[in-house]
Amino acid sequence: SSNGRFIAEARSPDNAESKRRPFADEFTITFTESGSEKPIWTYQQANDEIAPVCLIPTDDGYLIVEDAWSQIAVFNRAGTRKIVADVLGSTPEEEKKRFVDYTTAGRFWRQFALRDFVHDDSGALFLLRTYWGRLFVIDYRNARWLNDS
């Protein structure tokens with residue numbers, strides 16, 4: 001987390017040795033408070049879930065996870081996961097054709113994307129802005145995507 005209080009880590013047995021396997025799975029996510037050896041919670045990736053590619057712990061004990069298929073999930077303080085947005089699934093086809101690179105390693109869109117937090121009287125928000133300007137706003141405490149323009 002930006003205040004240094006929380007640490008999130010994702011590990012896969014596919015990457016346990018010095019030789020890493022592409023498209024690893026079976027990740028275990030561990031969420032720990034700094035200075036503690038005991039995790040607050042641990043989460044085992046289910047067989048039908050996609051591998052995490054970005055873990056963003058919040059200053060108040062939530063975890064935002066982007067997966068390899070561009071879904072955004074929020075983990076609450078107890079470690080319960082809820083998918084709240086699908087970046088590419090919610091992006092119009094003409095934008096994807098123009099701005100997303102389709103490669104053998106997957107769909108590339110994260111380059112130059114910005115992620116930030118806004119905290120005000122209305123709540124705690126996570127913002128993700130793609131490099132072409134599409135904005136996703138997540139009320140992470142309530143695990144919901146605010147997709148109203």
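Strand 4 (52-57) and strand 9 (106-108) each supply at least two residues of the lining of the largest pocket. Strands here are DSSP runs of E of at least two residues, numbered from the N terminus. The model is predicted, with local features requiring pLDDT of at least 70 and side-chain atom pairs counted only at pLDDT 80 or more, while totals for chains, interfaces and linings use all residues. Residues are numbered from 1 along each chain as its sequence is written, and side-chain values use heavy atoms, leaving out hydrogens and water.

**Pocket and cavity**

- The largest pocket holds about 490 Å³ of space; a pocket is an open set of points on a 1 Å grid over the protein atoms alone, with protein on both sides within 12 Å along at least five of seven lines.
- Its lining comprises 20 residues, of which Phe 23, Ala 51, Val 53, Ala 68 and Ala 105 lie nearest the centre; lining residues have an atom within 4 Å of a point.
- One cavity of 30 Å³ or more is found in a search of the whole structure, a cavity being a set of grid points where a 1.4 Å probe fits but cannot get out.
- The largest cavity has a volume of about 110 Å³, volume being the space filled by probe spheres set on points joined across faces, edges and corners.
- Among the 13 residues lining the largest cavity, Glu 49, Ile 50, Pro 52, Val 65 and Arg 81 lie nearest its centre.
- Strand 6 gives the most to this cavity lining, with three residues.

**Nonpolar cores**

- The largest nonpolar core has 22 residues; such a core is a set of buried Ala, Val, Leu, Ile, Met, Phe, Trp, Tyr and Cys residues joined through side-chain atoms within 4.5 Å, where buried means under 20% relative accessible area with a 1.4 Å probe and protein chains only.
- Residues with the most contacts inside this core include Ile 64, Trp 109, Phe 126 and Tyr 140.
- Strand 11 gives the most to this core, with three residues.
- A second, separate core of eight residues includes Phe 6, Ile 29, Tyr 43 and Leu 63.
- Not counting residues up to four places away in sequence, Phe 126 touches residues including Ile 56, Arg 115, Asp 116 and Phe 136, contact meaning heavy atoms within 4.5 Å.

- Three strands form an open sheet in the order 1-2-3 with antiparallel pairing; two strands pair if DSSP finds at least two bridges between them.
- Strand 1 (6-11) and strand 3 (41-44) are the edge strands, each pairing on one side only.
- Four bridges join strand 2 (residues 28-33) to strand 3 in the antiparallel sense, and Phe 31 stands opposite Trp 41 in strand 3.

Terms used. Buried means under 20% relative accessible area, exposed over 50%, partly exposed in between (1.4 Å probe, protein chains only).
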